[in-house]
Amino acid sequence: MSAAASVMLACASALAADIQPAVLYDLGGKFDKSFNEAAHSGAQRFLEDTGIEYRDFELQNDSQREQALRNFARRGMNPIVAIGFSQANAVEKVAAEYPDTQFAIVDMVVDLPNVRSIVFKEHEGSYIVGMLAAMASETGKVGFVGGMDIPLIRKFACGYKQGVLAVNADAEVFQNMTGTTGAAWNDPVKGGELAKSQFDRGADVVYHAAGATGIGVLQAAADAGKLGIGVDSNQNGLHPGSVLSSMIKRVDVAVYQAFDDAKNDNWTSGFEVLGLAEGGVDWALDENNAALVTEEMKAAVAQAKNQIISGEIVVHDYMSDQNCPF
């Protein structure tokens, strides 16, 4: 090896040693097949691409949030990415205590100089899968099962309903939330029961935004011979032929980018909003659902995506006024 190559390798190693990234998952665990797992996928891809190891932690209860973040910061982890709106108070407190550590939070805004806040236009992606649901439905009745009853999840629900009604103004949209605590993200039995109740009322397509609870929704759809719609990660493969599509939310990209920016000294704090235009949300089409999506459906959602990006279609953001006008 030449002297120059040795120096370059040494510099690369030194740079790699400068960051010790960490991820704190929300309740539901990193293998929830949905929101947390998307974050895990981004961290794993960064490890595979760079060889830089990361630390992670799966919360068992709300009281662990602050302690876990502080433990990461105390041990020199940097950057630290917190997954989920529920981490906001803990991030705000611990980031203030460790001003030289870079923090990121997904799904909430924490206004501190060392925090990157990453939020998504979930309503835009939900509008698209709402259109797909309405076009696939034979009964004119579709459903939505949310996890914890919070404005963020009502944002998914409202965008979905707007998309459904854009295709079929006479459609019925059933909605249920799983609960009002963090346990609502990890109750697949309850998710299945809620989905079944909607199928019993005539729904033939049900979309979930419920974390690990949604596994039960998709299972219930498969069992009933109906269609489910996945969320956050591409869940089409969980029940091939029974999942119409998945509303992909690129939490993986947000985590990867945070790690990569810290590695390359390109870190920026502040506010990031990722929608259809930025590739932050989308719908999933692959071999698992190709037979369910007609050319007409593809053309309709492609046109709608372009119209949303151009501003011709404005998808209502529930969180802007805590209201769904549909």
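This is a predicted model: local features need pLDDT of at least 70, side-chain atom pairs count only at pLDDT 80 or more; totals for chains, interfaces and linings use all residues.
User: How many residues are in the largest nonpolar core, and which have the most contacts inside it?
Analyst: The largest nonpolar core has 67 residues. Those with the most contacts inside it are Ile83, Phe144, Phe156, Tyr160, Tyr207, Val251 and Val255.

User: Take Val255. What does Val255 touch?
Analyst: Leaving out residues up to four places away in sequence, Val255 touches Val23, Ala39, Gly42, Ala43, Val81 and Ile83. Ile83 is also listed among the residues with the most contacts inside the core.

User: And which residues does the second core include?
Analyst: The second core is separate and has 20 residues, including Phe72, Ile80, Val110 and Val115.

User: Switching to cysteines. How many disulfides?
Analyst: The count is one disulfide. Cys158 and Cys324 form it, with their sulfur atoms 2.1 Å apart. The link is right-handed, with 90° about the S-S bond.

User: Is Cys158 buried or exposed?
Analyst: Cys158 counts as buried because its relative accessibility is 1%, and the cut-off for buried is under 20%. Cys324 has 23% relative accessibility, so it counts as partly exposed.

User: Back to α6. At what angle do the axes of α5 and α6 cross?
Analyst: The axes of helix α5 (residues 122-136) and α6 cross at roughly 40° and come within 6 Å. That angle makes α5 oblique to α6. The crossing is right-handed.

User: Which residues in α5 and α6 meet?
Analyst: On the α5 side they include Glu122, His123, Tyr127, Met131 and Met135. On the α6 side they include Leu152, Lys155, Phe156, Tyr160 and Val167. Of these, Phe156 and Tyr160 are also among the residues with the most contacts inside the largest core.

User: Now α8. Which residues in α8 are buried?
Analyst: Helix α8 covers residues 214-224, and Gly214, Gly216, Val217, Leu218, Ala220 and Ala221 are buried there.

User: What do the buried residues of α8 pack against?
Analyst: They pack against β6 (141-148), α7 (188-200), β8 (205-209), β9 (227-232) and β10 (243-249).

User: And what follows α8?
Analyst: Gly225 follows α8, and the phi of Gly225 is positive, near 70°.

Conventions
Residues are numbered from 1 along each chain as its sequence is written. Side-chain values use heavy atoms; hydrogens and water are left out. A nonpolar core is a set of buried Ala, Val, Leu, Ile, Met, Phe, Trp, Tyr and Cys residues joined through side-chain atoms within 4.5 Å. Buried means under 20% relative accessible area, exposed over 50%, partly exposed in between (1.4 Å probe, protein chains only). Contact means heavy atoms within 4.5 Å. A disulfide is a pair of cysteine sulfur atoms within 2.5 Å. Axes are lines fitted to C-alpha atoms, for helices over the stretch in contact, and angles run from 0 to 180 degrees between N-to-C directions. Helices (H or I, at least four residues) and strands (E, at least two) are DSSP runs, numbered from the N terminus. Angles under 35 degrees count as roughly parallel, over 145 as roughly antiparallel, 65 to 115 as roughly perpendicular and the rest as oblique. A crossing is left-handed if the near helix is turned anticlockwise from the far one by less than a right angle, and right-handed if clockwise.
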